[in-house]
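Please keep the sequence and the model in view while reading.

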Amino acid sequence: MKNPDRTVRVAFLLNEQTWLSGVIVGAEAYSAVGRNWQPEYHTDYSRFEVSFLRLPGAEGRSFMGVSLPTQPLDDDRYDVVCIPPMYRLSLAELGAASKVMEWLRCQSAAGATMLGLVTGAFYLAEAGLLDEREATVHWMFSKLFQHRYPRVRLNPRLATSDAGNLWCTNGFNSSVNIVPRVIEKFMGAQAAQHTARFFMLQGEASLTETQTSSQDALVDAVMDRLQMDYQQPFKLEQLAVEFNISVRTLCRRFVQATELTPIQFLQRHRLQVARRLLESTSNSVEQIAHQCGFSSATVLGRAFGRRYGMPPLQYRKYMLAGESGAITI
């Protein structure tokens with residue numbers, strides 16, 4: 001969903017049990033992007049605007065009693081909706097919050113990226129948004145979550161889960177590291193890298209980078225195989241024979257488990273490796289292309305530009321500038 005003023009509108013939902021640690025880092029990082037720094041290439045948006053919305057009956061305080069300026073739920077549409085972690089989660093209140101659930105469903109249907117941070121994932125699940133989708137949650141709540149929402153494909157081993165526009169985290173670190181990933185979605189890799197480096201975050205890899213596990217053992221095995229031999233030429237037919245399955249069934253199960261085809265998964269993994277090599281080596285783009293399984297620097301350059309919003313050499317130049325302190329926020 002695009003805004004005519006090119007502003008990414010972010011809403012944090014707060015009540016008296018909210019952990020402010022799941023709010024402040026993201027709110028300040030989003031607010032900093034575009035305020036003192038502008039991307040050097042075209043993006044769909046120019047800045048973030050943060051709002052704090054209080055849940056019905058709440059006063060917008062954290063469980064420590066610290067208050068933030070809040071407003072009630074409104075009929076506006078947001079690009080990002082974040083439900084932060086909560087200190088004590090009342091299942092009774094959750095089940096009675098029909099207005100909140102309808103609001104969440106409307107925001108999701110309108111195209112908002114929904115973030116369920118740690119126990120915030122319960123709200124997305126209660127609204128039915130995670131049914132038949134993969135999700136993660138803190139290990140302490142995993143059994144309760146699985147019992148209450150059996151239709152959700154829960155995988156608490158994942159630090160971050162990505163189910164289209166529905167993202168969940170399982171702890172504090174992953175909740176912080178998701179911030180540059182949100183920025184990347186709207187402002188591109190350059191803005192995300194700048195934010196991650198300035199705030200010393202570890203979330204430089206995109207949410208949509210290659211996954212390491214799924215709910216399908218066969219798909220897990222295929223992912224391991226693709227990541228092991230990503231430099232080699234790849235044919236779906238050979239892979240299907242190796243795993244004693246038809247190409248059609250292989251692709252169907254892979255998409256169901258990862259929302260990517262095997263070819264898309266392999267391409268993203270190759271680009272992830274290329275990105276690391278551009279950051280950490282002085283190898284030429286041609287060398288990196290062959291190291292990562294691309295047939296030429298031209299092929300890598302086209303794929304890299306589509307994925308990260310700039311060609312490989314510009315990306316390396318930007319990263320070197322960031323290291324030398326030439327870019328400031």
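Which residues of helix 13 are buried? They are Ala297, Leu300, Gly301, Ala303, Phe304 and Tyr308, where buried means under 20% relative accessible area with a 1.4 Å probe and protein chains only. This is a predicted model, in which local features need pLDDT of at least 70 and side-chain atom pairs count only at pLDDT 80 or more, while totals for chains, interfaces and linings use all residues. Residues are numbered from 1 along each chain as its sequence is written, and side-chain values use heavy atoms, with hydrogens and water left out.

Helices here are DSSP runs (H or I, at least four residues) numbered from the N terminus. Just after helix 13, Gly309 takes a positive phi of about 80 degrees.

The table sets out two helix pairs, with axes fitted to C-alpha atoms over the stretch in contact and angles from 0 to 180 degrees between N-to-C directions.

| Pair | Angle | Axes |
|---|---|---|
| Helix 1 (residues 24–32) and helix 6 (residues 172–187) | about 25 degrees | 9 Å apart |
| Helix 11 (residues 262–280) and helix 13 (residues 297–308) | roughly 95 degrees | within 11 Å |

Helix 11 is therefore roughly perpendicular to helix 13, a term for angles of 65 to 115 degrees. Their contact (heavy atoms within 4.5 Å) brings residues of helix 11, including Leu271 and Leu278, to residues of helix 13, including Leu300 and Phe304.

Helix 1 and helix 6, by contrast, are roughly parallel, a term for angles under 35 degrees. In this pair, Val25, Gly26, Ala29 and Tyr30 of helix 1 meet Val176, Val179, Val182 and Ile183 of helix 6.

Terms used. Helices (H or I, at least four residues) and strands (E, at least two) are DSSP runs, numbered from the N terminus. Angles under 35 degrees count as roughly parallel, over 145 as roughly antiparallel, 65 to 115 as roughly perpendicular and the rest as oblique. Buried means under 20% relative accessible area, exposed over 50%, partly exposed in between (1.4 Å probe, protein chains only).
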